[in-house]
Amino acid sequence: MKKRLFPLLLALAMAFSLAAPALAAAGTDTAPAVEEGDIVVLYTNDVHCTSDNGMTYAAIAGYKSEMEAAYGAGNVTLVDNGDAIQGGVLGALSQGSWIVDIMNEVGYDLAIPGNHEFDFQMDTFLDIVENQAEYTYLSCNFVDVDGNPVLAPYQIVSYGDVDVAYVGITTPATLTSSAPAYFQDENGNYIYGFCQGSEGQNLYDQVQDTVDAARAEGADYVVALAHLGVDASTSPYMSTEVIANTTGIDAVLDGHSHSVVPTQVVENADGQDVLLSQTGTKAESVGKLVIHADGTMTTELVALADVDTTTQGYTAAQAFIEGIQTQYAQTTEEVVATSEVELTINDPETGDRAVRSAETNLGDLCADAYRIMLGADIGWVNGGGVRVNIAAGDITYGDIINVHPFGNTACLVEVTGQQILDALELGAMYVGEAENGGFLQVSGLKYTINTAIPTSVVLDEEENFVEVSGQRRVSDVQVLDSESGEYVAIDPEATYTLASHNYMLYNGGDGFAMFGKDNVTILKDEVMVDNEVLIRYIQEELGGVIGQEYANPRGQGRITIVNEASDELYQDVTASNWYYEAVAYVTENGIMQGVGGGNFDPRGTTTRGAFMTMLARYAGVDTSGSSPWYQASMEWAMAEGVSDGSAPHGSVTRVQAVAMMWRYLGSHEFDADLSRFSDVDEIPGWNGAREAIEWAVDAGVMQGSNGQLNPNGIATRAEIAQLMMKFCESIKG
């Protein structure tokens, strides 16, 4: 693979200060007129194959011709900010190649990979970069296992005496919004990354180093071509956050969040103004950045509907695209079914996209297709995998491909109820706050999301699921009993068959790390392409007609969303229980968590590894991302002399629990009178056992019951919660 590496040490040679250019008003009559020496950067983002089978690209070519006529061909550059090759028929049928051909014809100069550039897997994308694209792909933070950029981090383009550096930035969320397996070797080790982690600092540092290198090489201006977005769910990788934590960038042309931002001014780390702009999605407009000869900069969005269709650029691109369209028209225009109702991904009242945060009828249909065609207990599909509406009336093959353009393949796996519960919690973590492509549309399943409960999902640096550390916002999870036709409560310990696609179940896409080929039992491996699953379900199971059972745009009531504060922590813990206060305390302080299904399991037991993890959390140790899950806690406990690390899977006894607490405090000595307890002789003879018991009794951590300490009894989860609460209170004094 070819790599263009620019020594970041060049930044050390910089001996000059950077001054941001003045920003002029955009899209107003006060914007400077065209002058000799003006530089024009045209930009697109999230085109996703366009909504008109690629023809909008002809308008982009036409507008480029207009700008070249006005400013001079040498002063106009056309760039794309990611997510171009996937999202429609053109991309799905050619694995992106047709879109690349069109972008070559239109005359793109530079592009960056968005997260969806990797949807056809790494080999396909790298082949596009090396053998298909006539434009250059940039990304400073798409790196290999050694941290070296895979693509050119930046490129300097000279416009007469003015040099402009274009720096590519790809969102680190790509690791989960694309399937993690695409960036791993056959053993599951990451061999590619995006400078993720450290709460965004790794990304900020990589961007800063690249900008500094470009400036040191002589760039007069730095324009970032970014696929970052402004969705809160992608924090700390939002474009506004990158701007706020760096210096030296003059303008950020953004993508990823599908936001329509004609122009916005954001302060950088030095308090200087940086222009930010984004064009929306599906080529609704083309962006225009002008670096004026007087040093001012403006951005605006230009409606492509107003473009002159008589220019040579437009007509040449139109003819080229029509040639491609004829290659697939016969297939995509074939009618494969009909629908009596409109199937939607949107909220029927607001028209806003809802499939990534709430149930919709098209989501129900797609999930049903997976469950029924693969014969599963449960079927589901990620909201990000259901792309467009289907109108009532005839349905073509192209319509189906537009719904499922990714070419994912259907899988049937066996998983536990606990994995189901964890996955639902991950999918629901942003409901009420932001969209999430991993939100789950379900079949054979019902559940409730309470948005009044803050999410307690813990993610690792790659945004993959680690655990649920506190109270769960998903409850009342029920599975359809195929024999009785009734819904019954899910059993975390039971196994269920789950149908979906390889993106989630096999490759762990959207952060679903509780799945993946090593965590599930594969029953049917990649049996049908996703759009074939949907077509066959409609044709074979529905008789070719989608009927009134799917009429409600909000779906069939499988997902209930509430915002309700509740006095009950868990279904099996009420205010009348002696341990209620303790369970509330450990839950609210993130020391313990429920077992799923809205339950705490107060009579269940706790392992030594789990108890070490509780103490580690209290001590402020970061236990996320550990493999196995207790490893970091055990290493901490051994280093601090809290435990010897033995038998992490064994159930913890009452004396073992207080002994670890006592050691954590530094082996404090107390002179408690244990004579009132009839079973004091049962305290084991190993070093520290009696001292720990005496401390625990004296400090009020252990109180005993009915005149007995029961030191060797296996501690229930309710008892552990009580011990932890009393332990914390004793420290606070």
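Which residues does Gly 398 touch, not counting residues up to four places away in sequence? Gly 398 touches Val 89 and Thr 332, where contact means heavy atoms within 4.5 Å. This is a predicted model, in which local features need pLDDT of at least 70 and side-chain atom pairs count only at pLDDT 80 or more, while totals for chains, interfaces and linings use all residues. Residues are numbered from 1 along each chain as its sequence is written, and side-chain values use heavy atoms, with hydrogens and water left out.

Buried means under 20% relative accessible area, with a 1.4 Å probe and protein chains only.

Beyond its neighbours within four places in sequence, Gln 208 is in contact with Asn 245, Thr 246 and Thr 247. Gly 398 lies 9.7 Å from Asn 531, C-alpha to C-alpha, although 133 residues separate them in sequence.

A nonpolar core is a set of buried Ala, Val, Leu, Ile, Met, Phe, Trp, Tyr and Cys residues joined through side-chain atoms within 4.5 Å. In the largest such core, of 128 residues, those touching the most other members include Trp 380 and Phe 515. Leaving aside neighbours within four places in sequence, the contacts of Phe 515 include Trp 380, Val 415 and Leu 498.

How values were computed. Buried means under 20% relative accessible area, exposed over 50%, partly exposed in between (1.4 Å probe, protein chains only).
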